[in-house]
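Welcome! Please take a moment with the sequence and the 3D view below, and then we can walk through a few features together.

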Amino acid sequence: MAIVHKTRTQLVVEVLRNKILSGEIAAGESLRQAALAEELNVSRIPVREALLQLEAEGLVNFEPHKGATATELSADQVDEIFELRALLECELLKYSIDDLTDEDIAEAEALIQQMEEATGHLDNAQGELNYRFHNILYCRANRPHTAELADALIKNSLRYVRMHLLLAGGESTAQDEHKELLRLCAEKQSEQAQAYLREHIISAKDDIKQLLRDNDL
C-alpha cells in the first residue's frame with residue numbers, strides 16, 4: 001500500500017471538519033484564523049485554505065466583517081440537500097450496479113460490519129463509514145461530473161447524517177437498510193435498488209427534519 005503524505009492544509013481540513021461534525025465547534029461559532037493557527041501550530045495560510053475547502057463542502061460560511069463561521073443547521077437546507085442526493089445518487093447507482101464486482105460487494109459488506117461495531121460511539125466513525133459505503137455502490141458509474149456533485153452533497157450532509165445516526169435513532173435501522181440495499185445491488189436488481197436507495201435517503205431526511213423541529217432549529 002502506498003504511503004499517503006498529507007499537506008498541512010489537508011490535515012487542518014480533517015481536524016476542523018471533525019470538530020464541526022462532532023459538534024465540538026458549534027453551528028454559528030466564529031472560526032478565527034489566528035486562534036486556529038495557534039491551536040494547530042501552523043501558519044494562517046493552511047488555515048485559510050482549509051476554511052475555503054470547508055466552505056465548498058458547506059460546513060463553513062464567510063460573512064463580510066465577520067469572517068468564517070460554522071454553518072447553521074437548517075430544516076430547509078435538509079430538504080434541498082437530501083432531495084438532490086436522492087436524485088444524483090440513484091442516477092449513479094443506475095450506471096454502477098451492473099459493473100459492481102464481487103470485491104466491491106465484499107468491501108461494502110465489511111463496512112456494514114464496521115458500522116455495526118461502531119454503533120453507539122459518539123464520534124465521526126459512523127458518518128465516515130456511511131460515506132464510504134455509499135461511495136462503493138457508485139464507484140463503477142463512470143459519471144465523473146455527477147459523482148463530483150453527489151460527493152459535495154454527501155459531504156455537506158455529513159453533519160446531518162451524524163445527527164440522524166446518533167440522535168434520531170438512525171443507528172437502529174441504518175444497517176438493516178444497508179444490508180437490504182447491498183443485497184439488491186449484489187443481485188443486480190437495478191430498479192428495485194434505486195427505489196430502495198431513494199427511500200433510504202428520503203426517510204433519513206424526514207427523521208432529521210423532525211429532530212430539527214423538535215429542537216427549534
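At roughly what angle do the axes of helix α4 and helix α7 cross? The axes of α4 (residues 75–96) and α7 (residues 144–156) cross at roughly 145° and come within 9 Å. Here axes are lines fitted to C-alpha atoms, for helices over the stretch in contact, with angles from 0 to 180 degrees between N-to-C directions. Helices (H or I, at least four residues) and strands (E, at least two) are DSSP runs, numbered from the N terminus.

This is a predicted model, in which local features need pLDDT of at least 70 and side-chain atom pairs count only at pLDDT 80 or more, while totals for chains, interfaces and linings use all residues. Residues are numbered from 1 along each chain as its sequence is written, and side-chain values use heavy atoms, leaving out hydrogens and water.

Back to the helix pair: on the α4 side, residues including Ile81, Leu84 and Leu88 take part, and they meet a set in α7 that includes Ala150 and Leu153. Contact means heavy atoms within 4.5 Å.

Next comes the sheet. Three strands form an open sheet in the order β1-β3-β2, with antiparallel pairing; two strands pair if DSSP finds at least two bridges between them. Because β1 (30–31) and β2 (60–63) stand at the edges with a single partner strand each, one side of each has no neighbour in the sheet. Helix α3 (residues 44–56) packs on this sheet and touches β1, β2 and β3, its direction making about 110° with that of β2. Four bridges join β2 to β3 (residues 67–70), and one pairs Val60 with Ala70. These two strands form a hairpin with three residues between them, and His65 in the turn has a positive phi of about 65°.

Finally, look at the second largest pocket, which holds about 170 Å³ of space. A pocket is an open set of points on a 1 Å grid over the protein atoms alone, where a 1.4 Å probe fits, with protein on both sides within 12 Å along at least five of seven lines; lining residues have an atom within 4 Å of a point. Its lining has 16 residues, and Asn130, His164, His200, Ile201 and Ala204 lie nearest the centre. Helix α10 gives the largest share, five residues.

| Helix | Residues |
|---|---|
| α4 | residues 75–96 |
| α7 | residues 144–156 |
| α3 | residues 44–56 |

Methods. Grid points are joined across faces, edges and corners, and a volume is the space filled by probe spheres set on the points.
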